[in-house]
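Hi,

Here is the structure, ready for you to open. My notes follow below.

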Amino acid sequence: MPVKTIIEPFRIKSVEPIRWTTRPERAELLRAAYYNLFLLPAEDVLIDLLTDSGTGAMSTRQWAAIMEGDESYAGSRSFDRFRSSIQDIVGYKHVIPTHQGRAAERILFGVACKKGDVVPNNTHFDTTRANVEFVGAEAVDLVIPEGRQPSLKHPFKGNMDVEALENLIEKVGCDRIPLVMLTVTNNSGGGQPVSMENVRQVSSVCRKHGLPLYFDACRFAENAYFIKLREPGYEAKTPKQIAQEMFGYGDGCTMSAKKDGMANIGGFLCANDDKLAQQEKDLLILTEGYPTYGGLAGRDLEAIAVGIQEALHEDYLRYRIASTAYLGNHIAEQGVPIVQPPGGHAVYIDARAFLPHIPSEQFPGVALAAELYLEGGIRSVEIGTLMFGAAAKMDLVRLAIPRRVYTQSHVDYVVEVILEVWKNRDRIQGLKLSHEAPFLRHFTARLEPVEQVLSR
Ligand SMILES: Cc1ncc(COP(=O)(O)O)c(C=O)c1O
């Protein structure tokens, strides 16, 4: 009988100690951080699930490649390696390095988009939306209706609603749509994948209307693996072949290499269109740097060149997707309400359902995140009323898993802490704001507990 246990497909060569704190210390640290986990010093966190962005561990090959970094200002060897590694996967003609994903977005929308335009996406990530809106255009989210229902199971909840796309094109006209975007996987929608069939359909609508299709490719490798697992016809293909096919239906992409680039910093923008790419490179020189480094050191380009290929290794993806699912399934089995099915990079707890006695105005997501820290030193992030204000459709707590950082026993520990908090959920109090910034308030907000617990 084949062995079923899925193990971390690596040995650990260098370790970074994590620090235990006592519960009374954490209670004091929470008060000092005004119940906002962004304000906690990282060294007081035992397991940090704030984000999977830039927090991964690099491999021995990546560290070795870093020593090969060519720091020449123009025409460095490192750029050649970076470009050919990326082109091997995406197949696009122009590869433009940027310091991270949002810089690629700013350049793309700064060049391709103008006031009054409309950009459809399955779901815009917040920096993507902000960059579309910054040029005076409208960002429209067209995820399928299933993608908006947290507890509903569907294999490809990140899919775009193709009929809604057709309707939008008909309503606003092609002239006002500079490009269509697909975010793989759909981060804001729970890290849910997009199927190849959906990519094909969206691509054919785009072709019919002469519109370019772009990917927000941050988690393209995780998306490819979900296709392999869930979409008939792809079982025997490698994640790389699947990714290559997917990119082949598009005309360009933006990428934060802090995710499936397996690097701690970096990103890129790709395009097939020569004229557009020239304008993008001109703008790049103004704000990021010369087109063969784009705000990155040569060693960063090397780390990405190696990392983006490693992200497609099947044994890595098997472990990655299995460990996220393990966390999600183990808490869901005990009744903890989560966005179903678990995503690729994160598990999202439905805080409104977890804490029905706390109204949204009292930030159930922030209260739950604070309690997970108090109970076990775990840092997560609220995605809900604190982040989006009254516009928040859900109050979620995201547990994002850094790549290749934590082991099975860390995940078991997180499960145990969450279940302990679940058992005592009635005792958790809501919070009220004592300070908020005029925009992006979640990063710096200060909160305090409300005086009395509302009765259920
Ligand atoms: C889907 C998606 N797009 C874009 C970005 C922005 O990337 P960066 O943080 O590198 O600017 C992120 C980052 O989390 C993301 O998840």
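**Surface patch and ligand site**

Tyr73, Ile285 and Tyr290 make a nonpolar surface patch of about 320 Å². Patch residues have over 30% relative accessible area and no salt bridge; like charges are joined within 9 Å, nonpolar side chains (Val, Leu, Ile, Met, Phe, Trp, Tyr) within 5 Å. A salt bridge is a Lys or Arg side-chain nitrogen within 4 Å of an Asp or Glu carboxyl oxygen. Areas are Shrake-Rupley values with a 1.4 Å probe; for residues, only the protein chains shown count as cover.

This is a predicted model: local features need pLDDT of at least 70, side-chain atom pairs pLDDT 80 or more, while totals for chains, interfaces and linings use all residues. Residues are numbered from 1 along each chain as its sequence is written, and side-chain values use heavy atoms, without hydrogens or water.

Tyrosine 73 sits in the loop between helix H2 (60–66) and helix H3 (77–90). Helices are DSSP runs (H or I, at least four residues), numbered from the N terminus.

Now the ligand. Of the 14 residues around the ligand, Arg102, Asn187, Asp216, Ser256 and Lys259 come nearest. Around means a heavy atom within 4 Å. Helix H4 (residues 101–112) gives the largest share of this shell, three residues.

- 2.7 Å from a side-chain N or O atom of serine 256
- 2.9 Å from a side-chain N or O atom of arginine 219
- 2.9 Å from a polar backbone atom of glycine 101

Taken alone, the ligand exposes 390 Å², and the protein buries 95% of that.

Technical notes:
Helix = DSSP H or I, 4+ residues; strand = E, 2+ residues; numbered from the N terminus. Polar contact = N/O pair within 3.5 Å; in protein donor to acceptor, adjacent residues only side chain to side chain.
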